[in-house]
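Here are my notes for someone opening this model for the first time. Have it on screen while you read, and follow the points in order.

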Amino acid sequence: MDNQTLSHIIADFSKDVDKDAFSAQDWDALAHKAYSEGVGPLLYKKLSSGKILNLMPEETRNFLRLVYASTSIQNQIVFKELEILAGLFHEAGIEVVALKGACLALTIYPEIGLRPMGDIDLLVPKEELSKAVAIAKSLDYEKSLPEASPGLNDLLSH
């Protein structure tokens with residue numbers, strides 16, 4: 001399944017896609033392509049709103065439903081963590097801006113469960129960084145991945 005077909009369905013250009021001609025393998029490939037590209041929940045939402053899910057094999061439909069549900073649940077947990085962190089930062093007088101996934105989920109996507117996220121990216125003033133890190137560490141956050149090039153994050157951080 002190609003990106004153009006996936007893009008057309010997600011962007012509501014699905015009239016350009018002959019979904020009736022999709023085989024079971026085509027639907028499965030589309031669902032897995034969407035998952036690998038990080039738009040599985042969005043594809044599920046688009047297809048379910050148009051009643052197109054009924055054209056899919058049950059196994060593929062269940063796969064997309066699971067992707068949608070698990071992303072929604074995971075994001076609820078992430079946003080609860082973000083709420084706690086933002087509250088603690090506010091109490092400490094630290095300004096914070098949510099970036100990337102959290103920002104996109106809140107502004108671009110119609111539901112927070114449609115944007116898969118693996119972490120929380122926050123921007124804080126450089127002079128507040130050590131205080132913000134201490135607050136995060138007090139909640140048992142830790143750096144989980146080593147830097148690709150030690151010191152690069154410090155060099156590029158602002």
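In which helix is Phe89 found? Phe89 is found in helix H4, and point 4 comes back to it.

1. **What you are looking at.** This is a predicted model, where local features need pLDDT of at least 70, side-chain atom pairs count only at pLDDT 80 or more, and totals for chains, interfaces and linings use all residues. Residues are numbered from 1 along each chain as its sequence is written, and side-chain values use heavy atoms, with hydrogens and water left out. The pLDDT is the predictor's confidence in each residue, from 0 to 100. Its average over the protein is 85, and 86% of the residues score at least 70. Among the elements, the lowest mean pLDDT belongs to helix H7 (residues 152-156), at 59, and the highest to helix H4 (residues 58-91), at 94.

2. **The overall layout.** You will find seven helices and two strands. Both are DSSP runs numbered from the N terminus: helices are H or I with at least four residues, strands are E with at least two. Starting at the N terminus, the order is α-α-α-α-β-α-β-α-α. The protein has 158 residues, of which 32% count as buried. Buried here means under 20% relative accessible area, exposed means over 50%, and partly exposed lies in between (1.4 Å probe, protein chains only). Contact means heavy atoms within 4.5 Å. Of the contacts with a separation of 6 or more, 69% are between residues 24 or more positions apart.

3. **H1 against H2.** Helix H1 (residues 3-10) and helix H2 (residues 24-36) have axes that come within 10 Å and cross at roughly 80°. Those axes are lines fitted to C-alpha atoms, for helices over the stretch in contact, with angles from 0 to 180 degrees between N-to-C directions. The two helices are therefore roughly perpendicular, a label for angles of 65 to 115 degrees (under 35 is roughly parallel, over 145 roughly antiparallel, the rest oblique). On the H1 side the meeting residues are Asn3, Leu6 and Ile9; on the H2 side they are Leu30, Lys33 and Ala34. By class, that contact has four nonpolar residues, one polar and one charged. Ala, Val, Leu, Ile, Met, Phe, Trp, Tyr, Cys and Pro count as nonpolar, Asp, Glu, Lys and Arg as charged, and the others, Gly among them, as polar. Also in H1 is Thr5, which counts as buried at 16% relative accessibility. Leaving aside neighbours within four places in sequence, Thr5 is in contact with Val17 and Phe22.

4. Thr60 sits in H4 and is buried at 4% relative accessibility. Not counting residues up to four places away in sequence, Thr60 touches Trp27, Asp28 and Ala31. Phe89 is buried too, with a relative accessible area of 4%. Beyond four places in sequence, Phe89 is in contact with Ile94, Val96, Leu122, Val124, Ala132 and Ile135. The C-alpha atoms of Phe89 and Ala132 are 6.8 Å apart, although 43 residues separate them along the chain.

5. **The buried part of H3.** Which residues of helix H3 (residues 40-49) are buried? They are Gly40, Pro41, Leu42, Leu43, Tyr44 and Leu47. The buried residues of H3 pack against H1, H2 and H4.

6. **Positive phi values.** Most residues other than glycine have a negative phi. After H3 comes Lys51, with a positive phi near 60°. Lys100, in helix H5 (residues 100-107), has a phi near 50° and is exposed at 54%. Asp140 has a positive phi of about 70°; it lies in the loop between helix H6 (129-138) and H7 and is exposed at 68%. Gly93 follows H4 with a positive phi near 75°, in the loop between H4 and strand E1 (97-99). Gly93 is exposed, at 53%.
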